Amino acid sequence: MNMKLIDWPTFIGALVLLLAVTVPLVLFPEAGKEFVNQANTFMTGTFGVLYIVMGLIVFAFLIFVAFSKNGLIKLGDEGEKPEFGTFSWAAMLFAAGIGSSILYWAVIEWAYYYQGPPYGLTPESMEAIRWATAYGIFHWGPIAWAIYTLPALPIAYFYYVRKKPVLKVSEAVRPVLGKLVDGPLGNLIDVLFMFGLLGGAGTTLALGAPMIAEGISDLTGLEATLGLQAGIMLVCTLIFAISSYSGLRRGIKVLSDINIWLALFLLAFIFLFGPTRFLAETTVNSVGVILDNFFRMATWMEPFGNLAQFKETRFPESWTIFYWAWWLVYAPFVGLFVARISRGRTIRQMILGTMIYGTIGCILFFGIMGNFGLYLQLTGQFDVVGFMNANGAPATIIEVINQLPLAKFMVLVFTVLAIIFLATTFDSSSYILASVVQKEIKGEPLRWNRLFWAFALSIMPLVLMFLGGLDTLQTASIVGGFPLIFIMFLLAWSFIKASNTDIRASDDYEPPTIHIKRWKKRNKKKRRSALEVFEEKNREDNE
Ligand code: NM2
C-alpha cells in the first residue's frame, strides 16, 4: 500500500463529513428525516431560482465554448487519436452518468405529471398528457447534460493540455483561486464535491434498490422486504467493487459495453413488440413540444404561487429544481470521468458529444418506456396510475414491464439491466472518489483506495435503509450539493481564464494543437510548438 500518494486532509475530511451526517441520522432517524426534509424545502424554495438560472447559463456557456476558438483545443497531443472509439466513449459516458434511475423515471415519471401537471392544468386532461410526455425528456435533456459537461472542460484541459497528473475539482479552479487551492480551501472544495456525490448516490440507491427488489420478487416469489433490498445492495456493491478494482479498461469499459447492448435490446424489444406507431409519434411530438417551449420550461417558476388567489403546484421545486440539483451533485464526478476518457478529442467534440449522445439516449428511454406505460393507461389495458397510487412506484414499474410479451423474460432483462446500470455508475464513482483523494495518479488510482470508496458509497445507504431512513436519502442530493452551484461558476471561469491565456501565449492567437500545422507553417523559424509554450507556462505557474 502506498500511503504517500494519498491526500489525507481530503480523505479524512470527506470521511468525517460523511460520518457527521450519517451518525445523527442513525441515532435520531425521525428528527433527522424531519431536518433533511425541511432543509430540502428551504433550499429548493429559497434558492430554487439559482438552480434555474445556473441551468440556463451553463447551457448557453457550453454552446458558446463549443463554437468558439477554445472549442478547437485538442485534449492531448497533435495527431493523437482518441483513446476510446466513439461508441465505447458514448457508452461509458452514458453508463457512468446515468444509473438505474433512468429505468425508474423513464417508466413512471409521466404518471406523476399526468396527475399533477404543470402550469395549473387540469389533471389527467389532454393538455396534461401532452406535457407529461415532454417533461421527462426535458428533465433528462440538453440542460441536464450541459450541467454534466461543464466541469469536464477545465478538468480535461488541465489533465491533457497542461498535463497535470491530478484528477481533482480543486485543481481545476487553480487559475481563479491560485495558491489558495493548495490550502484548506482546496481540500474543502474536494470534500464538498465528494459529499455531494455521496448524497447523489444515496438518491440513486434509494430509488434503485426497491425497484430491483420488486423485480426479483416478481421473478422468484420472494417478498420485497428490507432484507432482500439489503442483499441486493450487497450484490451490487460486490459487482461494482470488482469492476472498479479491475480498472478502467478491463472492468468499467466492459461493463459499460454490456450495459449499452442490453439497454438497446430492451428498448428495441419494447419499440417493436409494443405499440410502435404510438411510441414513435408520441416521442416525436414531445420533442416538438420541448423545442417549442424550451425557454418556457427552462424558466418556469411560480412567483405568485403563494398568493392566495393562485393555486401553487410546487411543480418547479419538486421537479425541475430537484432534477437540476441532482444532476449537479453528479456533475463534477461525470466531468472528471468524461475528462479521463476524452483523451484525443477536441473540447468541441467532447461538449457536443456529451450533450447530443446523452440527450438522444434519454429521449429513447423516456420516449419508448414512458410512452409504453402511457399507452397502457390510455387504452385501459392497465391502469398504471391507479396501481401506482395503491402499490407505490417500484411495484408499478415492474408491473408495466409485465405487460410486455415474454413478460417474465423481460422482467429479468429489466432487473439485470437495473443492476448493471447501478454498478456502472458506482464503479466509476468510486474510481473518481479514489482519484480525488490522491495527490497524484500514476495510470490509475490505487486499488485499495478504489475498493475503499466502493464500499463507502453503499455502506451509508445500507445502514440508513435498515433504520428506515431511505426516503431521507432521496433528498440528500439536494441538501448535499448546494455549494456546488458556486463551484460550477468557478469551474467555468477557470476554464476560460486558462485557455484564453494559453491561446494568447501562442503568439498568433491560434488555438493549440489542432491548428498546430498551420501555425508551424506560418512560423517556420520559430519551431516552438504551442504545447511547449503551455508547458513552460505551466512550469512558471508551478514555481
Ligand atoms: N441523474 C442523471 O441514478 C442515476 O441514474 C444517476 C441521476 C442525475 C438524474 C444519475
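The residues that line the largest cavity comprise 8 nonpolar, 5 polar and no charged, where Ala, Val, Leu, Ile, Met, Phe, Trp, Tyr, Cys and Pro count as nonpolar, Asp, Glu, Lys and Arg as charged, and the others, Gly among them, as polar. A cavity here is a set of points on a 1 Å grid over the protein atoms alone where a 1.4 Å probe fits but cannot get out, and its lining residues have an atom within 4 Å of a point.

This is a predicted model, in which local features need pLDDT of at least 70 and side-chain atom pairs count only at pLDDT 80 or more, while totals for chains, interfaces and linings use all residues. Residues are numbered from 1 along each chain as its sequence is written, and side-chain values use heavy atoms, with hydrogens and water left out.

The largest cavity has a volume of about 130 Å³, a volume being the space filled by probe spheres set on the grid points, which are joined across faces, edges and corners. Of its 13 lining residues, Gly97, Trp140, Tyr148, Trp326 and Tyr330 lie nearest the centre. Helix H4 (101-115) and helix H13 (315-341) each supply at least two residues of this lining, and H13 gives the most, with 4 residues; helices are DSSP runs (H or I, at least four residues) numbered from the N terminus.

The second largest cavity holds about 60 Å³ of space, and its lining includes Ala106, Glu109, Trp110, Phe366 and Asn371. Two or more residues of that lining come from each of H4, helix H5 (126-139) and helix H14 (347-379). By type, the lining of the second largest cavity divides into 6 nonpolar, 4 polar and 1 charged.

Terms used
1 Å grid on protein atoms, 1.4 Å probe; cavity = no way out; pocket = protein on both sides within 12 Å on 5 of 7 lines; lining within 4 Å.
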